Structure formats: structure tokens, C-alpha cells
Amino acid sequence: MAKVISEMETQASDDSKMVEIKHTRTMQDASGSDVEVLDFQESKPLGGAIADAEAEKARLEAKLVEVEAELVDLNAIKDA
């Protein structure tokens, strides 16, 4: 799922900037052409969005370590 992130227009200071995040996916229409479909959109404070992205990055990095260990085990079996 792709995300389109943009700054929201507000009259507030830099400390309270808001972002709009549109969660999209690509589907095919009846003629077979790819079209972008909006699943949902959300608005959140910039600081919260950054914190969420950092947490997701940490989760994915931990998952990558697990997958790399699995590959080492599988390659050891293959090479045995």
C-alpha cells in the first residue's frame, strides 16, 4: 500500500504542523488500466507522524534481522 503525504494548510505555528496521509493502492479498471484507489486518509500532527514512521522503521529492521537469520539457516541446510 502506498502513501501520499502532504502538509496541511493551517494558520498555526511550525510547532503544530499537520500532515495529511492518503493510503492508496493500485488496482486495474475494467479496461485493464492501472488506477490509484484511495483506501483511506488521515490527518495527524507532524511530530506524531514522524514518531509513527520511526517506530515502523524499527519494527521492519527487527523483522529484517529475523529474515536474514532464517536465510542463513536455510542456506546452511542447502549447502550441507
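Reader: Okay, which side chain does the side chain of His 23 make a polar contact with?
Author: That would be the side chain of Glu 42, at 2.7 Å. A polar contact is a pair of N or O atoms within 3.5 Å; within protein, one must be able to donate a hydrogen and the other to accept it, and residues adjacent in sequence count only if both atoms are side-chain atoms.

Reader: Before I go on, what kind of model is this?
Author: It's a predicted model, where local features need pLDDT of at least 70, side-chain atom pairs count only at pLDDT 80 or more, and totals for chains, interfaces and linings use all residues. Residues are numbered from 1 along each chain as its sequence is written, and side-chain values use heavy atoms, with hydrogens and water left out.

Reader: What's the mean pLDDT of the protein?
Author: The mean is 89, and 91% of the residues reach 70 or more. pLDDT is the predictor's confidence in each residue, from 0 to 100. Helices (H or I, at least four residues) and strands (E, at least two) are DSSP runs, numbered from the N terminus.

Reader: Back to His 23: buried or exposed?
Author: His 23 counts as buried because its relative accessibility is 6%. The cut-offs are under 20% relative accessible area for buried, over 50% for exposed, and partly exposed in between (1.4 Å probe, protein chains only). His 23 is found in strand β2, residues 18–28.

Reader: And which strand is β2 joined to by 11 bridges?
Author: Strand β3 (residues 34–45), and the two run antiparallel. Two strands pair if DSSP finds at least two bridges between them. Ile 21, for example, has Glu 42 in β3 as its bridge partner. β2 and β3 form a hairpin with 5 residues between them, and Gly 32 in the turn has a positive phi of about 90 degrees.

Reader: New topic! How many salt bridges does a search of the whole structure find?
Author: It finds 6. A salt bridge here is a side-chain nitrogen of Lys or Arg within 4 Å of a carboxyl oxygen of Asp or Glu. Side chains of opposite charge can pair when their charged atoms come close.

Reader: Which residue does Lys 44 form a salt bridge with?
Author: Asp 52, with the closest N and O atoms 2.5 Å apart. Lys 44 is buried at 16% relative accessible area, while Asp 52 is partly exposed at 42%. Glu 42 joins Lys 44 and Asp 52 in a network of salt bridges.

Reader: What about Arg 59, which side chain does it meet in a salt bridge?
Author: Glu 56, at 2.8 Å, N to O. They're 3 residues apart in helix α1, so about one helical turn separates them.

Reader: Last one: what volume does the largest pocket have?
Author: About 180 Å³. Among its lining residues are His 23, Glu 42, Lys 44, Asp 52 and Glu 56. α1 gives the most to the lining, with 4 residues, and β1, β2, β3 and α1 each supply at least two. On a 1 Å grid over the protein atoms alone, a pocket is an open set of points where a 1.4 Å probe fits, with protein on both sides within 12 Å along at least five of seven lines, and lining residues have an atom within 4 Å of a point. The volume is the space filled by probe spheres set on the points, which are joined across faces, edges and corners.
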